[in-house]
Amino acid sequence: MPVKRIPGTKKATGNDALVAEEVEAALKALERLSTKRDRDNLVRFGITATRPFGVSMANLKVLAKRLGRNHELAAGLWDTGRYEARMLATLVDDPALVTPAQMERWCRDFDNWGICDTACFVLFDRTPYAWAKVSEWSSRREEFVKRGAFALLACLALHDKHAGDEPFLEGLRLIEQGATDDRNFVKKGVSWAIRLVGRRNAALNAASVAVARRLADSENAAARWVGRGALKELTSAAVQGKLTSRRRAPSRPKAAAPPARAPRREKSRT
């Protein structure tokens, strides 16, 4: 379904009434874009959403592009509590204006893997507070806050091109601790993190494989599941071949990073 233009939408100025109008206009746009098929897909992907409209990620991204970066609109959308409104909030918010307090407020509202992973993938990992939140959230009890720690670590492994190996080695320590949590969405977040850290470079691959071997030999069932899956992937010919090619490739000037994409809905991550 094509995205329709939102008439009358203006830039946020800080005026509460104007922001409320912008939020209402965005909600009406989401209502127009909603389909039963997309609502059904939420169930199919294991997402228990609060008052969902049923809007595809493709349409959310087009709508976000038309709205542009708008920190105040993002806050208003998040406060509605509706699933796609919150997804849209992560896409239009400005990482430069996100604060640690906001990250804390939003993470407490995570109630499914879709909003948790998307917030980490398109917004939180672009902030200067991301590494601190990996450490803080990894020891939290709430299921989706703890998943958020490892989802954020996985996203940093993909997107933080300037970080050295040290923070990722510390991340592996947190992974080894978190792998014993047998809750479905936590252990799959841990699995996602170790596999992406282990694909970053040869040194981190070796460190991740060592952790995966220890986990695979653990008496804890969740840790064994994480370890065996990571070990199979990180020692595979495909991964090892890519790491070898990367070592041999001549260094080139880094190109500008492509626009962030929301994570694909994959059963393997849920």
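S208 touches L172, I194, V197, G198 and L234, leaving out residues up to four places away in sequence. Touching, or contact, means heavy atoms within 4.5 Å. S208 sits in helix α12, residues 202-216. Helices (H or I, at least four residues) and strands (E, at least two) are DSSP runs, numbered from the N terminus.

Is S208 buried or exposed? S208 is buried, because its relative accessible area is 0%. Buried means under 20% relative accessible area, exposed means over 50%, and partly exposed lies in between (1.4 Å probe, protein chains only).

## About the model

This is a predicted model, in which local features need pLDDT of at least 70 and side-chain atom pairs count only at pLDDT 80 or more, while totals for chains, interfaces and linings use all residues. Residues are numbered from 1 along each chain as its sequence is written, and side-chain values use heavy atoms, with hydrogens and water left out.

## The whole chain

How many helices and strands does the protein chain have? The count is 14 helices and zero strands. Read from the N terminus on, the elements run α-α-α-α-α-α-α-α-α-α-α-α-α-α.

The protein chain has 270 residues, and 51% of them count as buried. Take the contacts between residues at least 6 apart in sequence: 72% of these join residues at least 24 apart. The accessible surface comes to about 13500 Å², and 52% of that belongs to carbon and sulfur atoms. Accessible areas come from the Shrake-Rupley method with a 1.4 Å probe; for residues, only the protein chains shown count as cover.

Helix α9 covers residues 143-159. At 1.5 Å a residue, its 17 residues should span 24 Å, and its end C-alpha atoms are 24 Å apart, so the two values agree. The expected span is 1.5 Å times one less than the number of residues. Of the 17 residues of α9, 14 are buried, so the helix is largely enclosed by the rest of the structure.

L153 belongs to helix α9. L153 is buried, with a relative accessible area of 0%. Which residues does L153 touch, not counting residues up to four places away in sequence? They are W131, V134, F168, G171, I175, A193 and V197. L153 and V197 are 44 residues apart in sequence, yet their C-alpha atoms are 8.0 Å apart in space. V197 is also among the residues that S208 touches.

## The loop between α2 and α3

V55 lies in the loop between α2 (36-44) and α3 (57-67). V55 counts as buried because its relative accessibility is 2%. Leaving aside neighbours within four places in sequence, V55 is in contact with L30, L33, S34, D38, L60 and E84. V55 and L30 are 25 residues apart along the chain, and 6.8 Å separates their C-alpha atoms.

R51 lies in this loop between α2 and α3 too. Most residues other than glycine have a negative phi. The phi of R51 is near 45°, a positive value in a residue other than glycine.

W78 is found in helix α4, residues 71-79. W78 counts as buried, at 1% relative accessibility. Apart from residues up to four places away in sequence, W78 touches R86, A89, T90, W106, D109, F110 and I115. Between W78 and L88 there are 10 residues in sequence and 8.4 Å in space, C-alpha to C-alpha.

Rolling a probe the size of a water molecule over the atoms shows where empty space is left. A search of the whole structure finds one cavity of 30 Å³ or more. About 40 Å³ of space lies in the largest cavity. A cavity is a set of points, on a 1 Å grid over the protein atoms alone, where a 1.4 Å probe fits but cannot get out; lining residues have an atom within 4 Å of a point. Grid points are joined across faces, edges and corners, and a volume is the space filled by probe spheres set on the points.

Which residues line the largest cavity? The lining consists of T50, G81, Y83, R86, D109, D111, N112 and I115. By class, the lining has two nonpolar, three polar and three charged residues. Here Ala, Val, Leu, Ile, Met, Phe, Trp, Tyr, Cys and Pro count as nonpolar, Asp, Glu, Lys and Arg as charged, and the others, Gly among them, as polar.

Key: 1 Å grid on protein atoms, 1.4 Å probe; cavity = no way out; pocket = protein on both sides within 12 Å on 5 of 7 lines; lining within 4 Å.
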